[in-house]
Amino acid sequence: MKILAIETSCDETAAAVARATANRIIIDSNIVASQIDIHQVFGGVVPEVAAREHVKQILPVIDQALLAAGLKPSRASQELDGLAVTVGPGLMTSLLVGVETAKALALAWNLHLIPINHIVGHISANFINHNLNSINFPLLTLTASGGHTNLLLMHNPIHYQMVGQTLDDAAGEALDKAANLLGLGYPGGPKIRKMAKKFTEQHRPPTIKLPRPMLRRTDYNFSFSGLKTALLYIVREDHNWQNHIAEYAYVFEEAVVEVLVRKTIKAARDLKVKTIALAGGVSANERLRSDLKSAVQQQLPQVDLLLPNMDYTTDNAAMIAAAGLLKARAGLTQNIENIIAQPNYPVK
Ligand code: KG4
Ligand code: ZN
């Protein structure tokens, strides 16, 4: 089975071709047209600007994905078995471009269309190139992105149960806001990482302390907006803050990562899972990847850890293709008339 997947939920126009063998998902092409340069000027994503860019990019990106997978666009209807598209959550004006393009192509090529939840896509990135029969369930996923932070419990590759989520800002959003506060620009996660690394190279302990929100609570929810405010107050009081940016970046990243890791370990232990998987744009963060790996090795050595390949961490369509193939494998299809862009699409 071979499908074309489309992702336009935020500011990346993406298309990918992937296929499923009996027990493996293989990516044949993965094209992402990033709009970062365009939105950087505004310090964040401007929905109207993003939509206009998607309109320009969507067909060239699809063509590129087909060609890179060795398929002729004129023969796509014969060579593909279906299409998958992100229907939400995301920005309505961005989602619409991908969803309506996918519907038009599905009708023209007479192919099934599989609607995909963006978060499920991020999680499915973990299953690419793995022997699907060797993944042990129950599995707990930590998804940390610019729009979402949650813990989901899975008993198989297509069903999800929410066990915890952020009550305010997402982890990526908090990193973006902290970077903005420190004058580092957009997107903040990678900029904070770079500055935090600089502080590590100074080989001295940090002098600033930030809180660790929600760690005393027994539930699995998160809250990051107070952390950002705590940083704001400290920076405001510091007349020499420009000289301490690396240290601020370090302590902020450390606080976010520590809360994410400790809550995940606690939930994994309580829920007796066999595997932990990391997903979302923040899963590109080296500190989060290495701290989670060490915590699992030390505290839950019997639990498997899945980390997505770096190419599939921030928004892309390979992850949507993976989710589409998993749904198709389970025989889940939907009538095209019922497939619509849904900005608040729940995980299910
Ligand atoms: O998944 P994603 O590409 O888009 C959403 O679905 O939101 O995630 C984007 C988020 C942004 O907040 C960005 O700052 C963060 O992921 N991010 C990172 C890194 N790369 C991207 N955060 C920390 N470290 C990174 N290397
Ligand atoms: Zn995303």
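Predicted model: local features only at pLDDT ≥ 70, side-chain atom pairs only at ≥ 80, totals over all residues.
View 1. An oxygen atom of ligand 1 lies 2.9 Å from a polar backbone atom of G189, a polar contact being a pair of N or O atoms within 3.5 Å. The side chain of H122 places an N or O atom 2.9 Å from an oxygen atom of ligand 1, and a backbone N or O atom of D315 is 3.1 Å from an oxygen atom of ligand 1. Of the 550 Å² of accessible area that ligand 1 has on its own, the protein covers 87% (Shrake-Rupley method, 1.4 Å probe).

**View 2. The shell around ligand 1.** The helices α5 (118–124), α6 (171–181) and α7 (188–200) each supply at least two residues of this shell, helices being DSSP runs of H or I with at least four residues and strands runs of E with at least two. Domain 1 (2–126 + 312–338) and domain 2 (137–308) both contribute to the shell, so ligand 1 lies between them; the domain bounds come from an automatic or database assignment.

**View 3. Backbone geometry in three loops.** The peptide bond from G88 to P89 is cis, with omega near -10°, and P89 is in the loop between β4 (82–88) and α4 (92–109). The bond from F137 to P138 is also cis, with omega near 0°, and P138 belongs to the loop between α5 and β6 (139–144). H203, in the loop between α7 and α8 (225–237), has a positive phi near 50°.

Residues are numbered from 1 along each chain as its sequence is written, while chains are lettered from A and ligands numbered from 1 in the order in which they are written. Local features need pLDDT of at least 70, side-chain atom pairs count only at pLDDT 80 or more, and totals for chains, interfaces and linings use all residues, with side-chain values based on heavy atoms and with hydrogens and water left out.

How values were computed:
Polar contact = N/O pair within 3.5 Å; in protein donor to acceptor, adjacent residues only side chain to side chain.
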